[in-house]
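Dear colleague,

I am passing this structure on to you, and below it you will find some notes on what came out of it. Please read them with the structure open beside you.

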Amino acid sequence: MASFGLDLEIGVNEQLDGFRPVIETFLLSWEKESHRLELGTRKIGLGKGYRFSGRFVEYPAYEGYLFENDRFNSASYTWTHGNLSAGAALGGNQLSRGMATANLAYNAFGQEIGAGLRATVSDSHWRSPSLIANLRLMIELGAFSQRVDLMFKEVPAYNHRPERQEHAFATEIVYRFTPSTDVAVGGLYEARESVPRSRSELHTSIQQSFGVFQISPGFSSVIVDQGEENSYNLLVNWKPVPQSDIGLVYKYLKGPFDEIRHLFAVQTALRFDF
């Protein structure tokens with residue numbers, strides 16, 4: 001028997017003239033047995049679900065995609081058979097005009113391996129056709145888990161514009177000592193042909209939970225081209241209700257010219273699902 005669904009996600013963004021609601025996701029879906037059709041708009045990208053990208057609200061890719069984040073207005077089809085799934089989508093946006101994606105994933109015993117392609121008529125940055133290939137791996141073995149994302153982007157020579165190649169890599173390992181204590185080590189490397197030409201990050205953190213409270217000390221090192229910034233940080237988080245966070249943040253930062261800064265902040269995140 002076929003089923004229909006609606007996925008609607010609305011966010012609130014702060015702009016110069018105040019707060020404005022934004023439709024993050026709007027998808028109409030139809031599903032029957034192994035087949036699923038979707039029509040709507042959503043964000044797509046590569047590299048999501050990393051611990052280090054979800055600790056601080058100020059992080060550029062907070063709870064989002066690390067690489068190639070884009071808006072995708074599309075129609076998509078997904079076929080699922082046991083542990084195997086394959087899908088394709090066709091659409092675009094105002095900048096990229098036409099865009100097509102294809103993906104393949106295999107999930108078994110808590111492990112997942114996937115691959116994907118994205119072809120764009122006009123790359124959102126280079127304004128030339130582009131092709132992005134990616135590999136994704138997620139491993140979970142007892143208390144140990146790891147995720148890996150690899151990305152390669154080819155921008156062929158077009159209309160007197162030179163050929164360009166970019167690539168990126170991200171990984172993270174989490175080890176859970178007890179149900180309330182774990183340690184995470186992760187990072188990324190991105191090589192681009194625009195400024196900044198390279199970016200590398202290393203993040204480590206320990207998370208200890210006490211009921212609705214969490215204490216998480218950590219260390220981060222970010223190198224952008226030749227500039228390096230290191231920070232020792234501490235996050236004290238309170239979850240009064242599910243999917244809500246109120247956190248106190250302290251960072252001891254040392255910049256590329258050995259300048260030292262102290263940062264104190266309060267961060268909040270609130271989400272309603274119904």
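Leaving aside its neighbours within four places in sequence, which residues is aspartate 182 in contact with? Taking contact to mean heavy atoms within 4.5 Å, they are Arg51, Val174, Tyr175, Arg176, Phe177, Ser205, Ile206 and Gln207. Before going on, please note that this is a predicted model, in which local features need pLDDT of at least 70 and side-chain atom pairs count only at pLDDT 80 or more, while totals for chains, interfaces and linings use all residues. Residues are numbered from 1 along each chain as its sequence is written, and side-chain values use heavy atoms, with hydrogens and water left out.

Aspartate 182 counts as buried because its relative accessibility is 2%, where buried means under 20% relative accessible area, exposed over 50% and partly exposed in between, with a 1.4 Å probe and protein chains only. Its side chain makes a polar contact with the side chain of arginine 51 at 3.0 Å; such a contact is a pair of N or O atoms within 3.5 Å, and within protein one must be able to donate a hydrogen and the other to accept it, while residues adjacent in sequence count only if both atoms are side-chain atoms.

Glutamine 111, by its 21% relative accessibility, counts as partly exposed. A polar atom of its side chain lies 2.6 Å from the backbone oxygen of phenylalanine 109, and the side chain of glutamine 111 also reaches the backbone nitrogen of glutamate 140 at 2.7 Å. From C-alpha to C-alpha, glutamine 111 and phenylalanine 257 are 43 Å apart in space, and they are 146 residues apart in sequence.
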